[in-house]
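Please open the model in your viewer and keep the selection panel at hand.

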Amino acid sequence: MMGAACFIACALSPAAPGMAAPKSEAQRVTRDQQPQQQRPRNIIFILVDDLRFDGLGFLQPGVVKTPHIDRMAKEGSYFPNAVVTSSLCSPSRATILTGQTARNHGIVDNNDGTEAGLTYFPSYLQQAGYSTAFVGKWHMGSSADSPRPGFDKWVSFKGQGNYWPAKVETAHGSPNLNVDGKVVPQKGYITDELTDYAMNWLTKERDQSKPFFLYLSHKGVHSDPLPPPRHAHQYDATQFTLPASAADTPQNNEGKPVWVRNQRNSWHGIDFFYNADVPMTEYLKYYYGTLSAIDDSVGRIMEYLRQHNLDKDTLVVFTSDNGYMIGEHGLIDKRNAYQPSVRVPLVVWEPGTVPAGTVNEGRIRNLDFAPTFLTVAGASLPPQFEGKSAWDLWSGKQSPKDWKPGDFVYEYYWEYNFPMTPGTFAIERDGVKYIQYYGVWDTDELYDLNSDPDEMRNLVNEPGWAAKKQELRLALYEQLADRNGRHVIPYGARLSIGAVRRDIDGKRAADFPAEWYVKPNPSDRLDPIMPDSPAKLKAQAEGRPLVRTPPLREELTRQVEGPSN
């Protein structure tokens, strides 16, 4: 069920008894002519932390239980191809808030950074007459919890926050919340408490004469996930199944980079994840129990909208800041460019405007939220936005086949805290994904997602794919330029060795690919360091070197002594 091949099949399965499956694009009724509203619609943006792309009840029927989010999907549209341009908390959140890629907004890791010069899209909503609120996990750049521009109401906490009130104050955590610039002790379970603040703002504090924007940013289901008592034993009897590629087999390891195989026995590897001995099948019981509290939160918000006749006047968007791997290719967590890391769940809801019960195949990036929300508000888009408004797609005025998202470009910049994942850049074009790594001695990767959605067969050395590989290499480099046309790798200070430990009884370091081992003096000695030009590809296809190179000893002798008579 974890495989992408059955992803849509799961999405089309009934979520619960009596719940109809979402309609396909062909089944839905198009609503091209919408009456103009008297004022801009309200917007509620619900962000979850580390929720994997298929981590919802209607996608895993009979296993995961999220009845309120399932109802939201039944009454709205589900987007199976939602992705993030950087699969890491701070960069992704910065992209959502600024409408810019990491190379341009400059928040490239989870360590302290600067937010100087950044404008967050809620500031534009304020200018358009909106009342705005931020409630929850900020964790973008600096770990400070002070109010940011663009929000009339502010509730947040330092760093990752705590599921239950902490006992001591640290540089990255606190037993307190920051409420409109004032220190207020955290009282209880974080998901419920954040929802209480959000509901209080919706019901009592906001300016009722204005349209509103609520950004509810949950801590859950980030590690280490802790469900509230009411959900603590919800999944005790559930048997979770790991993806097939979690097994350490020659078939699964074939074609994978050395760093991937080495990461199995590490903080972010399935064999030693978080340097603990809790199996992933058990960890998921806490993970999904924690999600149930978020589902409760969604239920409270949706019930408020229905009771106050705001359901047809409010756009609600539910998604995650990044994906989460549970063993795919021997990995856990996020950061890398594999599908379960970059894909996120996305449900969009507004009865009467967003088509109901629809599976919409249009690809949405976290880069696209800011321009979409400003379009919804009737505001103009600022020039620094790099994303594309998806409102016509969301509202059914544009069909997925007419939605042209272009290439999907991914960037992740190496962090010293977790050095097991290298700097990663990737591009997907027409279902073909190319991945390259920065600063490591390793192979790159190429996958045809159309026939291999689980990324099991690396085509990077297949002669028939050589031209496509080079095409994507060049396109990736071109599109990774920043706004000034530069190709710059940002980095911060290294302050520790990072999570480098390995299980002493676990797997040792992986070997290089067998084809990299050659005997001295190959005749194509210089070919690997030369660009993969058409001439080189032709020579390789014909089984000859592009530049025939004599043995080094022979060449040195010739250079020193001259040609022999």
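Select the lining of the second largest pocket: its residues divide into 15 nonpolar, 21 polar and 11 charged. Here Ala, Val, Leu, Ile, Met, Phe, Trp, Tyr, Cys and Pro count as nonpolar, Asp, Glu, Lys and Arg as charged, and the others, Gly among them, as polar. The volume of this second largest pocket is about 1,200 Å³. Of its 47 lining residues, Asn-110, His-139, Gln-160, Asn-417 and Phe-418 are the closest to the centre.

The model is predicted: local features need pLDDT of at least 70 and side-chain atom pairs pLDDT 80 or more, while totals for chains, interfaces and linings use all residues. Residues are numbered from 1 along each chain as its sequence is written, and side-chain values use heavy atoms, without hydrogens and water.

Next, select Arg-52, in the loop between β1 and α2 (67–75). Is Arg-52 buried or exposed? Its relative accessible area is 0%, so Arg-52 is buried (under 20% relative accessible area, with a 1.4 Å probe and protein chains only).

Finally, select helix α3, residues 89–98. Because 10 of its 10 residues are buried, helix α3 is largely enclosed by the rest of the structure. After α3 comes Gly-99, with a positive phi near 70 degrees.

Definitions and conventions. Buried means under 20% relative accessible area, exposed over 50%, partly exposed in between (1.4 Å probe, protein chains only). Helices (H or I, at least four residues) and strands (E, at least two) are DSSP runs, numbered from the N terminus. On a 1 Å grid over the protein atoms alone, a cavity is a set of points where a 1.4 Å probe fits but cannot get out, and a pocket is an open set with protein on both sides within 12 Å along at least five of seven lines; lining residues have an atom within 4 Å of a point. Grid points are joined across faces, edges and corners, and a volume is the space filled by probe spheres set on the points.
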